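Hi everyone, thanks for coming.

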Amino acid sequence: MKQNKLKYSAKWRKKAISIKGKKPVYWSPSSESALAEAEIEYQDKTSASIYVAFDVKDGKGVIDNDTKIVIWTTTPWTIPSNMAITVNPNLNYAVVETAGTKYLVAADLVDSLKETLGWEDGKVIQTVRGSELDRVVARHPFYDRDSLVINGEHATADAGTGAVHTAPGHGEDDFIVGQKYELEVLAPINEKGVFTEEAPGFEGLFYDDANKVVTEKLKESGALLKMDFITHSYPHDWRTKKPVIFRATPQWFASINKFRGDLMDAVQNVHWTPAWGETRLFNMVRDRGDWVISRQRAWGVPLPIFYGENGEAIITDETIQHISDLFREHGSNIWFEKEAKELLPEGFTHPSSPNGEFTKEKDIMDVWFDSGSSHQAVLEAREELSRPADLYMEGSDQYRGWFNSSLTTAVAMTGAAPYRNVLSHGFALDGEGRKMSKSLGNTILPGKVINQLGADIVRLWVASVDYQADVRISDDILKQVSEVYRKIRNTMRFLLGNVSDFNSETDKVAFADLREVDQFMLVKLNSLVDTVKDSYEKFEFSTIYHQINYFCTVLLSQFYMDFAKDVVYIEAANSPSRRAMQTVFYESVVSLTKLLAPILPHTTEEVWANLKGEETASIHLEDLPEVQDLDDMKPLEEKWDAFMKVRDGVQKALEEARNEKLIGKSMLAKVTLYVDETGKKLFDSLEGDFAQLFIVSDFELVEGIEKAPEKALSIDHAAVLITVAEGETCERCRVVRKDVGVDPHHPTLCGRCAEIVTKNYEG
């Protein structure tokens with residue numbers, strides 16, 4: 001059994017660590033080691049269900065000595081380790097007499113137990129409070145050993161008998177209540193899951209095989225009232241899928257009681273993403289018991305503890321510092337390569353070893369203690385870094401692991417958390433929401449996806465999901481993300497292609513000189529920059545994904561870039577309207593490239609390399625774009641937002657006209673818009689070529705919705721009528737115009753195109 005006390009080491013200067021001995025931990029015979037709670041999963045298991053009667057030895061005047069206390073358990077193999085029976089102090093217990101025998105059970109369970117145990121003629125002859133039964137003495141069913149009746153809140157009337165068989169060596173609740181009553185912590189099972197000589201009659205039996213022998217022993221002694229089999233939820237080792245048990249073993253424990261308050265304060269001084277992380281870790285710290293810092297494994301960082309000849313543990317500032325220096329110089333494997341005396345300081349002596357003989361600890365340190373100290377190894381050891389770290393990021397299972405251990409070690413050493421921000425994420429599941437497993441064959445290998453689709457697709461998928469919960473991934477989902485990526489990439493290609501002759505120093509148009517629609521797009525771009533920068537600060541990457549996707553797909557591709565073709569492809573190179581749109585294109589591609597750089601590093605680097613006018617070698621040396629003060633543009637944004645809603649209605653009407661074979665492409669159409677007073681006011685306030693904005697050949701605004709024919713499509717504050725535009729199609733701009741051929745030198749061009757060609761392209 002490990003020592004009960006330990007002086008604090010040099011690494012724990014501010015808070016002493018108390019050390020305790022045996023305590024039950026999850027343990028699996030398959031791995032022969034203690035398991036962390038994070039490695040436990042619950043699965044169904046079929047177990048023997050037995051009801052056992054314990055004879056009362058001394059009823060303390062509360063109940064008769066010829067009474068039997070009935071317990072129920074699904075782990076018969078723990079009966080040899082029984083040291084007590086726990087009853088709830090706040091429950092009533094009934095003595096039921098049946099066939100001349102008296103049994104004590106929870107009063108609330110009498111009726112159900114009559115049926116279960118066949119007590120048809122059972123009659124309640126006495127009722128007592130659980131608190132009155134405290135320290136009544138019963139006898140073990142087959143050992144010459146007392147079983148003390150004790151009080152514990154974990155005994156309930158939800159199931160069983162209300163009286164709980166208590167084996168402190170094989171259950172956490174049992175251990176805790178047993179400590180209160182100073183019960184022996186008996187765990188007569190070795191590291192192979194086999195009973196030892198501490199359980200006479202069962203030596204050499206594997207614990208699971210002992211179930212049958214134990215029940216036979218109970219039957220022989222007359223203590224077994226009933227046995228059947230039930231299926232219930234039971235802890236299993238997640239790796240081997242085998243059942244695990246509680247087994248009290250000698251371990252090193254670190255107590256946090258003396259600085260628990262500091263830990264809870266530190267939790268509240270950290271920014272948590274998601275916000276519920278604060279409550280989760282706070283509650284863990286508040287309710288946490290001692291920390292098991294030892295493990296029985298062949299690999300890992302050793303516990304730097306020595307033992308004297310009398311078994312006393314030796315942990316001093318001198319020995320700890322010496323081992324630290326050896327590890328720093330030779331690595332931790334030196335602990336396994338050298339004998340104890342070679343690892344101690346030269347000439348070291350200790351009162352526990354008058355002959356100068358020492359042994360070393362064989363246990364290794366809990367890996368969470370190891371990784372939880374990484375802040376010291378990283379932040380303190382590197383001059384370019386400082387404490388605390390800006391961000392700790394890991395899966396949601398790390399509240400119990402790395403986040404917790406890092407907080408504990410840092411607060412113990414420095415009084416403060418090692419991090420400013422903590423971000424946790426869920427886990428990747430397959431397309432059907434199942435946990436990925438090699439045995440199921442449903443794993444998706446990132447390397448394979450990267451080879452097939454590229455790393456940026458994987459990164460874009462990560463940004464697209466709500467990472468705070470478990471997320472699904474499949475080939476179909478990746479194809480959807482690939483489609484979004486394709487749209488973003490094509491948008492960037494269009495923008496790049498249409499600023500190839502644009503010099504940002506000489507051709508850029510001042511904001512005040514832009515057309516309203518161009519200003520509207522820059523206002524929307526500015527709003528996007530604001531939203532994305534804020535979302536990066538809040539780690540809300542899915543917001544970034546959706547907002548950029550909307551801006552590229554809807555505002556740029558489906559609206560601005562669509563009607564822009566009638567300007568940038570048609571107008572003269574230096575025309576004000578073309579340079580205005582190129583200004584918007586340029587600002588958009590620069591801002592989008594910077595905003596997307598953290599998510600699509602390879603794509604944005606490619607864009608940056610092909611963007612003229614930007615001299616920085618890499619996009620990743622740039623800062624995110626700045627948000628402009630455009631609050632005075634709110635009225636303009638609002639009225640153009642209203643226009644976009646009208647445009648949606650017009651697009652719907654054009655689609656219906658196409659379905660009816662009235663028109664083919666929208667450029668063959670004329671839009672007549674019948675508006676009410678609100679609609680009229682909106683269009684009067686707007687500046688722009690509405691035929692061009694709707695991508696049609698002709699546009700007419702008519703005041704009065706009531707004038708609209710019945711076949712017109714009704715929308716908010718307007719009605720839309722689609723007819724075939726009159727005239728011929730211009731060979732250059734593809735617009736249907738009545739003035740095609742007005743210039744005899746250009747008989748296939750409309751008047752607008754003829755003028756542009758004559759002025760700019762004829763010598």
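Let's start with Phe690, which is buried at a relative accessible area of 13%; buried here means under 20% relative accessible area, exposed over 50%, and partly exposed in between, with a 1.4 Å probe and protein chains only. Before I go on, a word on the ground rules: this is a predicted model, where local features need pLDDT of at least 70, side-chain atom pairs count only at pLDDT 80 or more, and totals for chains, interfaces and linings use all residues. Residues are numbered from 1 along each chain as its sequence is written, and side-chain values use heavy atoms, with hydrogens and water left out.

So, which rings pair with Phe690? One is Phe683, in an edge-to-face pair with 5.0 Å centre to centre and 65° between the planes. Another is Phe699: the centres are 5.5 Å apart and the planes at 55°, so this pair is tilted. For rings of Phe, Tyr and Trp (its six-membered ring), pairing means centres within 6.5 Å; planes under 30 degrees apart are stacked, over 60 edge-to-face, and the rest tilted. Phe683 is buried too, at 4%, and Phe699 also counts as buried, at 17%.

The structure has 34 aromatic pairs. Ring pairs also join Trp272, Trp276, Tyr392, Tyr399, Trp402, Phe403 and Tyr419 into a cluster.

Now to a sheet. Three strands make an open sheet in the order β15-β23-β22, paired in parallel; strands pair if DSSP finds at least two bridges between them. Helices (H or I, at least four residues) and strands (E, at least two) are DSSP runs, numbered from the N terminus. At the edges, pairing on one side only, are β15 (271-273) and β22 (389-395). β22 and β23 (residues 419-425) share six bridges, and Gly395 stands opposite His425 in β23. Helix α11 (residues 402-414) packs on the sheet and touches both β22 and β23, where contact means heavy atoms within 4.5 Å.

Last stop: helix α18 (residues 601-609). Which of its residues are buried? They are Pro601, Thr603, Thr604, Val607 and Trp608. These cover an arc of only 165° around the axis, so they sit on the same side of α18; the arc is taken from the directions from the helix axis to the C-beta atoms. On the other side, His602 and Ala609 are exposed. The cover over the buried residues includes α13 (455-464), α14 (475-497) and α17 (576-596).

Key. Axes are lines fitted to C-alpha atoms, for helices over the stretch in contact, and angles run from 0 to 180 degrees between N-to-C directions.
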